[in-house]
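User: Hello! I am new to this one and would like a friendly walk through it. Could you show it to me and take my questions?

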Amino acid sequence: LATVWNEGRLVLAQRMVTHSWSNRFADLVAALVTDGLGLSSSYYSSVSIRLAEPGGLDVLRKALGRIGGLRITYGPAPQEGTVERDAWERKRIDTSSGEQFSECLCTQPKL
C-alpha cells in the first residue's frame, strides 16, 4: 500500500513504530497523531478521546496539516520474528472484533 501511496518511490521512515496485537488499532493511530502533533505522551489520552468524537478526526487532521505533521513518515520497527507469526502462534484475539486472528496470506514463513 505504501508503494501505491508513494507512486513507487522509495520513502524512508523518519520514525519507527510498533504495536501490540492486544491493543486496538485506534490506540496506534492516537499514538501516531500525538507524535505528529509534537505532543508529549501525556497528551495521548486527550488525543485518543478526540479521535473517538464525531468530527474529531477532521479536527486532528487539520491540526496535523497546519504544523506539518502529515509529512512525517512512519515505518514498522524490526522485531524478533514477525507480528503476524507471533499473533498466529499465540492465537490472539482481535480486540476490535473479539474474533481470533486468522493466519495472514503473506509469504512470511509461519514457524
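Analyst: Helices (H or I, at least four residues) and strands (E, at least two) are DSSP runs, numbered from the N terminus. This is a predicted model, where local features need pLDDT of at least 70, side-chain atom pairs count only at pLDDT 80 or more, and totals for chains, interfaces and linings use all residues. Residues are numbered from 1 along each chain as its sequence is written, and side-chain values use heavy atoms, with hydrogens and water left out.

User: In what order do the elements of the protein run from the N terminus on?

Analyst: The protein has five helices and two strands. Reading from the N terminus, their order is α-β-α-α-α-β-α.

User: What percentage of the 111 residues count as buried?

Analyst: Buried means under 20% relative accessible area, exposed over 50%, and partly exposed in between (1.4 Å probe, protein chains only). By that rule, the buried share of the protein's 111 residues is 22%.

User: Is Thr-34 buried or exposed?

Analyst: Thr-34 sits in helix 2. Setting aside neighbours within four places in sequence, Thr-34 is in contact (heavy atoms within 4.5 Å) with Leu-39, Ser-40, Tyr-43, Tyr-44 and Val-47. Because its relative accessible area is 3%, Thr-34 counts as buried.

User: And Leu-32: which residues is it in contact with, leaving aside its neighbours within four places in sequence?

Analyst: Leu-32 also belongs to helix 2, but Leu-32 is partly exposed, with a relative accessible area of 25%. The C-alpha atoms of Leu-32 and Tyr-44, 12 residues apart along the chain, are separated by 9.3 Å. Once those sequence neighbours are left aside, the contacts of Leu-32 are Val-17 and Tyr-74.

User: Which helix supplies the largest share of the lining of the second largest pocket?

Analyst: On a 1 Å grid over the protein atoms alone, a pocket is an open set of points where a 1.4 Å probe fits, with protein on both sides within 12 Å along at least five of seven lines, and lining residues have an atom within 4 Å of a point. This pocket is lined by 16 residues, with Leu-32, Val-33, Leu-64, Leu-70 and Tyr-74 nearest its centre. Helix 2 and helix 4 each supply at least two lining residues. The largest share, six residues, comes from helix 2.

User: How many residues of that lining are nonpolar?

Analyst: Ala, Val, Leu, Ile, Met, Phe, Trp, Tyr, Cys and Pro count as nonpolar, Asp, Glu, Lys and Arg as charged, and the others, Gly among them, as polar. The lining has three polar residues and two charged ones, and its nonpolar residues number 11.
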